[in-house]
Amino acid sequence: SAFNYFMGLTGVKFRDYNIAHIGMIPGTLAFCFIGGTLGAIGESVGFGDDPIVLVITIVGTVIAIIGMVYISWIAKKEFNKIAARQQVESK
């Protein structure tokens, strides 16, 4: 992707770049779960399967989205704390 080419132009070390890929795993799993869930919802609605399956897949999707938003919010808060601490230390 374009991001990979861009990272090749920066000063990021190859080792650090590869280690950072580990951080992509939770998001990848969440997006795969959501995609699979939406597919299951489509099948449930289309063929009139058990409504319990439909409810469980919808609730699971909502929980996954809420979890991603919450973790992003916590991470941004921590990042802002670290950035503020580094600004104070650099003065």
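1. Overall dimensions. The radius of gyration of the chain is 20 Å, whereas a compact globule of 91 residues would have a value near 12 Å. The C-alpha trace spans about 65 × 30 × 15 Å along its principal axes. These values, like those that follow, refer to a predicted model.

2. Secondary structure. The chain contains four helices and zero strands. Its pattern, read along the sequence, is α-α-α-α. Helix α4 covers residues 51-90.

3. Burial and surface. Of the 91 residues in the chain, 12% are buried. The accessible surface amounts to about 7500 Å², and carbon and sulfur atoms account for 73% of that surface.

4. The chain carries 7 positive and 6 negative charges. The mean position of the positive charges lies 22 Å from the mean position of the negative charges.

5. Which helix holds T61? T61 is placed in helix α4. Is this residue buried or exposed? T61 counts as buried because its relative accessibility is 9%, which is under the 20% cut-off. When residues up to four places away in sequence are left aside, T61 touches F33, I34 and T37.

Notes:
Residues numbered from 1 in each chain as written. Predicted model: local features only at pLDDT ≥ 70, side-chain atom pairs only at ≥ 80, totals over all residues. Heavy atoms only, no water. Helix = DSSP H or I, 4+ residues; strand = E, 2+ residues; numbered from the N terminus. Buried < 20%, exposed > 50% of the residue type's maximum accessible area, 1.4 Å probe, protein only. Contact = heavy atoms within 4.5 Å. Rg over C-alpha atoms; globule rule 2.2 N^0.38 Å. Areas by Shrake-Rupley, 256 points an atom, 1.4 Å probe, with all protein chains shown as cover. Lys, Arg positive; Asp, Glu negative; His and termini not counted. Charge placed at Lys NZ, Arg CZ, Asp CG, Glu CD.
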